[in-house]
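Please look over the structure below before reading on. Keep it in view as you go through the points.

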Amino acid sequence: MADKKETIMEDLVSLTKRRGFVFPSSEIYGGLGAIYDYGHYGTLLKNNIRDSWWKHMVQYRDDVVGLDSAIFMHPTTWVASGHVDSFDDPQIDCRNCKARMRADHVLEAFDIVADKMPIEFINAELDKLREQGKLKCVNCGSKDITEAKRFSLMVKSNLGSPTDALSEENVVYLRPETCGGIYLEYKNTLDSTRVKLPFGIAQVGKAFRNEIVARQFVFRTREFEQMEMQYFLHPSMMDEKYDMWRDARWQWYLELGIAKEDIRWYKHEKLAHYASQAYDIEYNFRSLGGFKEVEGIHARGDWDLSQHSKHSGKILDYVDEKTKEKFIPHIMETSVGLGRLFLMFLDKAFTVEDLGEGKTRTVLKLPKVLAPIKVAVFPLLKNKPELVAKAREVHDMLRKQYMCEFDDNGNVGKRYRRQDEIGTPYCVTIDFDTLEKGTVTVRDRDTMEQTSVSVEELSVFLEKNL
Ligand code: GAP
């Protein structure tokens with residue numbers, strides 16, 4: 001089982017690098033732990049996932065508006081939210097090989113729930129395992145493991161003049177979650193966009209966490225993108241709207257081809273003091289060996305706005321026009337990592353098909369709406385100028401509507417293989433029939449069936465099928 005898990009992850013990491021989806025950041029300098037760059041196809045796939053989320057969360061709805069707030073925010077933001085004091089994970093180290101581990105993850109492997117538990121509890125549980133001789137380094141197996149200590153996940157920087165750049169007063173944080181900006185722009189949004197409760201603010205952007213352990217490719221990284229939506233409401237509506245959003249988010253996964261057997265709800269039993277409900281959507285990753293969190297849906301009460309009102313001295317109340325009731329809105333949020341969704345869709349799409357006679361093909365069976373390239377156009381032969389010119393013409397026509405690719409390298413079989421590996425749903429070949437009869441050959445990624453379609457009807461054919 002362990003071998004299988006590793007093989008799928010290795011194949012995914014290798015394919016995504018070879019085909020220009022994901023590169024380890026700063027590779028020529030030896031890399032930088034848990035930071036990745038997205039290449040051409042990775043960027044396109046990530047953009048398509050983001051666009052689908054945005055359409056479902058903002059464009060198709062009347063009650064959600066958008067925001068793009070800055071990464072740097074006033075440092076008091078993170079004091080008010082509690083991050084400066086307590087956004088940390090329990091860290092243990094191996095004295096032998098110096099490997100760093102998250103103590104809660106080590107305990108989880110023994111079925112001990114340690115998420116957000118006090119450090120005293122974690123150390124007591126670690127001691128029990130130590131006494132039983134079960135506490136070992138995940139890297140080298142040594143039993144010489146330190147006590148757990150709190151490790152802050154906040155990434156610090158400095159702003160201001162160079163002379164006082166290192167002074168504590170100039171400390172700013174790279175936001176650890178995007179929702180902080182949403183809370184601070186709640187009032188401006190309310191005053192400028194005609195929204196009334198209940199309403200949501202959605203944004204997509206970078207977040208930064210100094211993760212202790214990050215060995216799971218783009219699943220857990222130190223710089224990542226979050227897609228978050230904060231829904232502001234009267235507390236009496238919380239249960240109804242919480243269920244509405246749980247359902248909306250669940251449906252999004254199903255619509256994008258994730259099987260319902262492959263996702264499940266995880267209910268958090270241990271909640272932050274201000275929260276009333278917290279559920280995660282977990283996906284059954286083949287590459288990570290089982291169900292892991294992809295998205296969180298949290299009922300956060302009035303904690304966020306109350307804290308920011310208290311620390312800023314600004315009134316963040318909402319006055320109901322009809323009832324004249326004045327109150328601090330409660331918030332429920334949906335929060336998902338774009339990189340995590342990226343890995344989920346690749347994990348689901350990655351297929352090695354047996355073609356018989358010892359031959360296989362690797363194909364990314366991505367939902368068509370997410371595929372980085374929608375159509376690839378080939379001239380049958382590279383050395384026939386009239387075929388190349390016609391292929392260029394068809395390519396130029398289609399690229400106005402779709403992300404397309406022109407390829408005249410190698411033979412058609414090789415081109416198909418490359419397009420399969422990047423998940424292109426349709427390949428269009430321009431051959432001598434195109435010149436004589438005005439037809440092209442359209443090859444389907446999943447069935448490998450080839451259909452003859454006239455050039456005039458090509459756009460209609462693709463519109464119907466993409
Ligand atoms: N505002 C709430 C919040 O940030 P979270 O559970 O810490 O909640 C929400 O994070 C989501 O963000 C996670 O479900 C995950 O998809 C993503 N995420 C969190 N940390 C991440 C990391 N280090 N790398 C990639 N994605 C991450």
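The model is a predicted one. A search of the whole structure finds 34 salt bridges. Helix α11 is largely enclosed by the rest of the structure, because 11 of its 12 residues are buried.

**The ligand and its shell**

- The ligand has 20 residues around it, and Glu177, Glu211, Glu228, Glu293 and Val294 come nearest.
- Sorted by class, the shell holds nine charged, six polar and five nonpolar residues.
- Three strands each supply at least two residues of the shell: β10 (223-233), β13 (290-299) and β16 (330-337).
- Strand β13 gives the most, with five residues.

- Glu177 places a polar side-chain atom 2.7 Å from a nitrogen atom of the ligand.
- Glu211 also has a polar side-chain atom 2.7 Å from a nitrogen atom of the ligand.
- Gly337 uses its backbone: a polar atom there is 2.8 Å from an oxygen atom of the ligand.

**Lys196 and Glu321**

- Lys196 and Glu321 form a salt bridge, with their closest N and O atoms 4.0 Å apart.
- The two residues are 125 residues apart, so the pair links distant parts of the chain.
- Lys196 is in the loop between α8 (186-192) and β9 (199-208), and Glu321 is in the loop between β14 (318-319) and β15 (326-327).
- Lys196 counts as partly exposed, because its relative accessibility is 48%.
- Glu321 counts as exposed, because its relative accessibility is 56% and the cut-off is over 50%.

**Lys206 and Glu223**

- The side chains of Lys206 and Glu223 meet in a salt bridge of 2.7 Å, N to O.
- This pair also links distant parts of the chain: Lys206 sits in strand β9 and Glu223 in strand β10, 17 residues apart.
- Lys206 is partly exposed, with a relative accessible area of 32%.
- Glu223 is partly exposed too, at 29% relative accessibility.

**Arg249 and Glu295**

- Arg249 and Glu295 form a salt bridge, and their closest N and O atoms are 2.7 Å apart.
- Arg249 lies in helix α9 (residues 238-255) and Glu295 in strand β13, 46 residues apart, and the pair links distant parts of the chain.
- Are these two partners buried or exposed? Arg249 is buried, with a relative accessible area of 1%. Glu295 is buried as well, at 0% relative accessibility.
- Elsewhere, salt bridges that share partners join Glu353, Arg361, Lys365, Asp420 and Arg443 into one network.

**Helix α11**

- Helix α11 spans residues 338-349 and has 12 residues.
- From its first C-alpha to its last, α11 reaches 16 Å, close to the 16 Å expected at 1.5 Å a residue.
- Why is α11 largely enclosed by the rest of the structure? The reason is that 11 of the 12 residues of α11 are buried.
- The buried residues of α11 include Leu338, Arg340, Phe342, Met344 and Ala349.

**Asp347**

- Asp347 is in helix α11.
- Asp347 counts as buried because its relative accessibility is 0%, and the cut-off is under 20%.
- The side chain of Asp347 makes a polar contact of 2.6 Å with the side chain of Ser287.
- The side chains of Asp347 and Tyr283 are joined by a polar contact of 3.3 Å.

**Helix α13**

- Helix α13 runs over residues 412-422, and its buried residues include Val412, Tyr416, Asp420 and Ile422.
- Asp420 also belongs to the salt-bridge network with Glu353, Arg361, Lys365 and Arg443.
- At the start of α13, a side-chain oxygen of Asn411 reaches to within 3.2 Å of the backbone nitrogen of Gly413.
- Which residue follows α13? Gly423 does, and its phi is positive, near 85°.

Technical notes: Residues numbered from 1 in each chain as written. Predicted model: local features only at pLDDT ≥ 70, side-chain atom pairs only at ≥ 80, totals over all residues. Heavy atoms only, no water. Near = heavy atom within 4 Å. Polar contact = N/O pair within 3.5 Å; in protein donor to acceptor, adjacent residues only side chain to side chain. Helix = DSSP H or I, 4+ residues; strand = E, 2+ residues; numbered from the N terminus. Nonpolar A, V, L, I, M, F, W, Y, C, P; charged D, E, K, R; others polar. Buried < 20%, exposed > 50% of the residue type's maximum accessible area, 1.4 Å probe, protein only. Expected span 1.5 Å × (residues − 1).
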